[in-house]
Amino acid sequence: MYNHKKEFDWQTTLEFISNRVEFSKRQSGNKDTYERSYRIKNLLKDQPTYDTLYRRNTNKIDDNKCIRCENKEIEDWDHIWICEDNDFNLNEIIYESIHKFELQLKESNQNDNVVTLRNYNIEFINILESPSIILRGKSRIWELIRGIYNNKFNDLTKKKEEQNLIKKLWRFTYNEIKNRIWIPRCDEVKRLEEKADIKKIDLRKRKNDPPNDLDRNNIIDSNERKINKKRKTTKNIEKDRKNS
Ligand SMILES: [Zn+2]
């Protein structure tokens with residue numbers, strides 16, 4: 001039987017999610033807390049999506065549908081990452097992450113690491129694109145989005161430094177997905193919600209306020225047009241009569 005316990009590297013996973021890897025010394029408290037919270041929410045699939053907020057009965061949420069794409073799809077945790085409104089798809093981000101990560105290494109003159117990266121980048125993609133044994137019907141990309149580190153990455157090499165470099169690439173990719181999907185998603189939702197709020201306020205104003213001059217003019221205009229139309233029709237009828 002397959003040993004499911006060994007599928008994931010839980011130590012690396014927990015170190016990553018508890019955010020002890022990159023931020024503990026350098027970063028200020030706030031950023032650290034935000035980052036940890038973001039990672040825990042992905043692990044639990046508990047980001048504040050429309051579906052989550054709707055189920056929790058939060059004010060202002062009328063339904064659980066995605067506000068960004070107009071496909072009437074439920075915005076649950078899975079939908080965030082594959083919404084049609086996303087500017088980039090997951091595969092694109094993974095390929096470009098490897099490229100960007102390599103550039104970073106070059107810029108900091110880590111030429112040995114560039115060579116190592118090139119040795120493993122295809123395998124790295126292969127692992128991510130192969131089906132997850134735990135998350136049924138999904139590729140291992142979804143393990144990465146959850147922040148769960150697959151042991152297959154460790155099996156690529158026996159050398160500790162190389163394993164660490166692969167972990168760095170994995171973390172880099174995780175952050176790229178956040179920066180290119182999650183953050184734009186939040187900005188766009190905020191923009192659309194503000195737009196909807198303005199519309200609601202506008203509608204309320206129109207209901208409550210007496211019509212202003214512009215509205216009155218519009219009413220007069222449209223009345224005049226109706227009268228004109230009537231006149232025309234009467235004329236036409238008279239014409240018709242004459243002709244017949
Ligand atoms: Zn959507």
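**Zinc site and helix 5**

Reader: Is C83 buried or exposed?
Author: In this predicted model, C83 has a relative accessible area of 4%. The cut-off for buried is under 20%. Therefore C83 counts as buried.

Reader: Which atoms are the protein donors of the zinc ion?
Author: C83 is one of the donor residues, and the donors lie 2.0 to 2.3 Å from the zinc ion. In sequence the spacing runs C-x2-C-x9-H-x3-C. The donors are C66 (SG), C69 (SG), H79 (NE2) and C83 (SG).

Reader: What is the geometry of the zinc site?
Author: Ideal angles for four tetrahedral donors are 109.5 degrees. Here the angles among the 4 donor atoms run from 106 to 113 degrees. To count as tetrahedral, four donors need all angles between 85 and 135 degrees. The site is tetrahedral.

Reader: How many Å apart are the end C-alpha atoms of helix 5?
Author: Helix 5 covers residues 90-107, which is 18 residues.

Reader: Which residue joins its side chain to K100 by a polar contact of 2.7 Å?
Author: K100 is found in helix 5 and is partly exposed, at 34% relative accessibility. Beyond four places in sequence, K100 touches F172, E176 and R180. One of these is 76 residues away along the chain, with a C-alpha separation of 9.7 Å from K100. The side-chain partner in the 2.7 Å polar contact is E176.

Note on methods: Residues are numbered from 1 along each chain as its sequence is written. This is a predicted model: local features need pLDDT of at least 70, side-chain atom pairs count only at pLDDT 80 or more; totals for chains, interfaces and linings use all residues. Side-chain values use heavy atoms; hydrogens and water are left out. Donors are N, O and S atoms within 2.8 Å of the metal (3.2 Å for Na, K and Ca); water is not among the atoms, so sites may look incomplete. Four donors count as tetrahedral if all angles lie between 85 and 135 degrees; four count as square planar and six as octahedral if opposite donors are over 155 degrees apart and all others between 65 and 115; anything else is irregular. Buried means under 20% relative accessible area, exposed over 50%, partly exposed in between (1.4 Å probe, protein chains only). Helices (H or I, at least four residues) and strands (E, at least two) are DSSP runs, numbered from the N terminus. The expected span of a helix is 1.5 Å times one less than its number of residues. Contact means heavy atoms within 4.5 Å. A polar contact is a pair of N or O atoms within 3.5 Å; within protein, one must be able to donate a hydrogen and the other to accept it, and residues adjacent in sequence count only if both atoms are side-chain atoms.
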